[in-house]
Amino acid sequence: MKKQNSLTGVTRKVTLVVAATLVFASTTCLTGCKKDEKMAPGEVTAPPPPTKAGATVESYQSGIHNGFFWSLWKSDGATGTVNYANGTGGNYSVNWNGFNGNFTCGKGYSVGSANYKIGYNLGSYSNSGGGTFGWYGWSRSPYYEYYVNETWGAVSPHSGTYLGTFETDGAGYNVWTRWMTGKNIDGGDGFRQIYSSRVTKVSTGQNRVITFANHYNKWQSFGYTLGQLNIPAIMVAETWGSNTNGNINCTIWAQ
């Protein structure tokens with residue numbers, strides 16, 4: 001979610017990278033909280049960062065590797081280094097140094113689905129800035145940007161309206177939503193963000209499962225039903241902020 005607070009504040013205007021319907025440059029940067037935002041039990045909402053107006057896509061790369069869709073997006077004007085590499089099967093790694101801006105990258109599938117069951121192992125995770133790691137994608141009609149956050153960086157991504165907590169796959173998740181005033185994936189104005197975040201950050205080095213249908217159904221029970229899932233969905237590594245450093249190594253597989 002967004003840019004210094006991926007779920008809190010930097011609005012990014014996305015210049016679309018269109019390959020058929022595969023438009024994955026996300027506008028994840030978030031805008032500030034609304035007055036009616038609520039906090040989950042024990043949550044502390046980080047203050048929103050300054051809004052970066054008019055940001056456009058600086059670079060976007062994507063492809064198919066070992067049967068998995070992969071992508072790397074960087075915001076306009078980003079500086080510092082970001083090194084992304086595809087490994088064997090569903091493995092990928094990324095490391096960044098002195099990075100200023102916002103990027104998303106990861107491996108997954110070229111078309112999303114409400115019924116995916118994703119296995120993964122987070123081999124390593126370090127992030128000195130804002131950002132998140134988890135299952136990520138978009139829907140159309142209506143436009144939603146969605147996340148299942150498994151862990152996050154030094155700056156909490158949590159802001160918006162807290163909807164409730166539920167359990168799935170052996171973990172508790174807090175559910176949040178917010179309305180974003182930036183550009184959606186097709187260049188229109190505004191979109192909704194919906195996300196589940198683990199109550200306790202996932203630890204590294206263990207096999208885990210995300211049963212996405214459980215999140216999809218829970219969001220629906222709160223009145224937020226995703227639209228068409230005909231665009232990519234990935235196990236995302238996202239970071240935003242100033243002079244951030246970190247590394248992630250992850251392997252995913254279909255359950």
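S141 is exposed, with a relative accessible area of 56%. The model is predicted.

**The β6–β7 turn**

- β6 and β7 form a hairpin, with four residues between them.
- S141 is in the turn of this hairpin. Its phi is positive, about 50 degrees, although S141 is not a glycine.
- S141 counts as exposed because its relative accessible area, 56%, is over the 50% cut-off.
- The peptide bond from S141 to P142 is cis. Its omega is near 5 degrees.
- P142 belongs to the loop between β6 and β7.
- R140 is also found in the loop between β6 and β7. R140 is buried, at 12% relative accessible area.

**Strand β6 and its partners**

- β6 covers residues 130-139. Of its 10 residues, 10 are buried, so β6 is largely enclosed by the rest of the structure.
- β6 runs antiparallel to β7, and eight bridges join the two.
- β6 also pairs with β12, residues 233-254. That pairing is antiparallel too, over eight bridges.
- G137 has a bridge partner in each of these strands. In β7 the partner is Y146. In β12 the partner is A233.

**Y136 inside β6**

- Y136 is found in β6. Its relative accessible area is 0%, so Y136 counts as buried.
- The side chain of Y136 makes a polar contact with the side chain of E145, at 2.7 Å.
- Y136 and I234 are 98 residues apart in sequence. Their C-alpha atoms are 5.4 Å apart in space.

**Salt bridges**

- How many salt bridges does a search of the whole structure find? The search finds two.
- One joins the side chains of D186 and R140, at 2.7 Å from N to O. D186 lies in the loop between β9 and β10, and R140 in the loop between β6 and β7, so the pair ties together parts that are 46 residues apart in sequence.
- The side chains of R140 and D186 are also joined by a polar contact of 2.7 Å.
- D186 counts as partly exposed, at 33%.
- D189 forms a salt bridge with K183. The closest N and O atoms of that pair are 2.4 Å apart.
- D189 is exposed, with a relative accessible area of 61%. K183 is partly exposed, at 21%.

**K107, a buried lysine**

- K107 is found in strand β4, residues 91-109.
- K107 is buried yet has no salt bridge.
- The side chain of K107 does make a polar contact with the side chain of H65, at 3.0 Å.
- A backbone atom is also in reach of K107: the oxygen of G87 lies 3.4 Å from a polar atom of the K107 side chain.

**Cysteines**

- A disulfide is a covalent bond between the sulfur atoms of two cysteines.
- A search of the whole structure finds zero disulfides.
- C105 is buried, with a relative accessible area of 0%.
- C250 also counts as buried, at 0% relative accessibility.

**Another positive phi**

- D169 has a positive phi of about 55 degrees, although D169 is not a glycine.
- D169 is placed in the loop between β8, residues 161-168, and β9, residues 171-183.
- At 33% relative accessibility, D169 counts as partly exposed.

Notes: Residues are numbered from 1 along each chain as its sequence is written. This is a predicted model: local features need pLDDT of at least 70, side-chain atom pairs count only at pLDDT 80 or more; totals for chains, interfaces and linings use all residues. Side-chain values use heavy atoms; hydrogens and water are left out. Buried means under 20% relative accessible area, exposed over 50%, partly exposed in between (1.4 Å probe, protein chains only). A polar contact is a pair of N or O atoms within 3.5 Å; within protein, one must be able to donate a hydrogen and the other to accept it, and residues adjacent in sequence count only if both atoms are side-chain atoms. Two strands pair if DSSP finds at least two bridges between them. Lys and Arg count as positive and Asp and Glu as negative; His and the chain ends are not counted. A salt bridge is a side-chain nitrogen of Lys or Arg within 4 Å of a carboxyl oxygen of Asp or Glu. A disulfide is a pair of cysteine sulfur atoms within 2.5 Å.
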